[in-house]
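I opened this entry to get my bearings in a new model. My notes follow in the order I looked things up.

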Amino acid sequence: MALYNSHTGKPVRRQTRNTVIMVVLILFALATLFPIYFMVISSFGDPVEAGAMSYSLFPTKISFESYKFFFNYSEHSVRWLVNSLIVATTVMVSNVFFASLAGYAFSKIRFKGRAVLFSVLLVSMMIPYQVTQVPLYILIVNTFHIQNTYTAMIVPGLVTVYNIFLAKQFMSSIPSEVLECAKIEGCNQFQIYFKIVLPLSKTVLAVMAILTFMDNWNTFFWPFLVTNTMDMQTIQVGLKNFRFANTTYFAPMMAGATISALPMFILFFSLQKYFLEGVTVGAVKG
């Protein structure tokens, strides 16, 4: 059954339908892209207080003074970017490794309580992220006394349930006969994992790495909770330093936001096919 009527033999109706669909899609695209456009345009303004700025949809002049102001504002401006890179990269690598291990165990290794444990993990995905922040903060800061360090920002995200689920769903599609042949040849579980499962799972691992890096690069709330000095802040948290009680340096803040968005733009345009695969990977088994 077709998704919609093809209007065969009715060119006027088909043309009208296509035009309406195109207009609606263009409007949605403009609504999505406008905040990004406004961010970039605003970043080329002069570094003055927000109340003194003249907002415009079209730039009257192009100035890089706000970018200079962003890097000169604090000695830690570059450190914010480095911190984000360290945290996002470490969490990405740990998720790819541990989530793929767990996904392999849940999909191919028979052990007692496997179904119950996996069900508990799935239930935990239903709990909103914000609900867990208070007990997690108490555990990390008050119990383990880990604060204002890379460890505090990295440990809670070492492995996520979503990535385990993603790996498990994909690895379930790997034929068990292949693994049985490896066992007959004398391979143990780790050899099967490293030599057979990982090479066959490159697609899901790439998707997992991209999505995890993006999520941790853009996160604000948790690094904001566990850092209390400017030198340990990530770029997303560092941007709040341009906002004061009575004023905001809007253009420099937009310049910093544009700089922080550049890695995401590069990542997206260079790895578009993996982003598209990320929409469907694990959704269909087999």
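**Helix 13**

I began with helix 13, residues 250–270, which has 21 residues. From its first C-alpha to its last, helix 13 reaches 30 Å, close to the 30 Å expected at 1.5 Å a residue. That expected span is 1.5 Å times one less than the number of residues. Helices here are DSSP runs (H or I, at least four residues), numbered from the N terminus. I then looked for a bend, the angle between axes fitted to the seven residues ending at a residue and the seven starting there. Helix 13 bends by about 30° at Ala-261. A proline, Pro-263, follows within four residues.

**Ground rules**

I noted that this is a predicted model, where local features need pLDDT of at least 70, side-chain atom pairs count only at pLDDT 80 or more, and totals for chains, interfaces and linings use all residues. Residues are numbered from 1 along each chain as its sequence is written, and side-chain values use heavy atoms, with hydrogens and water left out.

**Salt bridges**

How many salt bridges does the structure hold? I found two. The term means a side-chain nitrogen of Lys or Arg within 4 Å of a carboxyl oxygen of Asp or Glu. Side chains of opposite charge can pair when their charged atoms come close.

Next I checked exposure: buried means under 20% relative accessible area, exposed over 50%, partly exposed in between (1.4 Å probe, protein chains only). Lys-68 has 49% relative accessibility, so it counts as partly exposed. Glu-65, at 38%, also counts as partly exposed.

Lys-183 forms a salt bridge with Glu-180, and here the closest N and O atoms are 3.9 Å apart. I place both in helix 8 (residues 176–184), again three residues apart, about one turn of the helix. Lys-183 is partly exposed because its relative accessibility is 38%. Glu-180 is partly exposed at 41%.

**The loop between helix 5 and helix 6**

I turned to the loop between helix 5 (133–143) and helix 6, where Asn-148 lies. His-145 is found in the loop between helix 5 and helix 6 too. His-145 is not a glycine, yet it has a positive phi of about 55°. For Asn-148, also not a glycine, I noted a positive phi of about 60°.

Is His-145 buried or exposed? It is exposed, with a relative accessible area of 65%. Asn-148 has 18% relative accessibility, so it counts as buried. The side chains of Asn-148 and Thr-229 are joined by a polar contact of 2.9 Å. Such a contact is a pair of N or O atoms within 3.5 Å; within protein, one must be able to donate a hydrogen and the other to accept it, and residues adjacent in sequence count only if both atoms are side-chain atoms.

**One more loop residue**

Last, I looked up Val-159, in the loop between helix 6 (150–154) and helix 7 (161–171). Val-159 counts as partly exposed because its relative accessibility is 35%.

Definitions and conventions: Helices (H or I, at least four residues) and strands (E, at least two) are DSSP runs, numbered from the N terminus.
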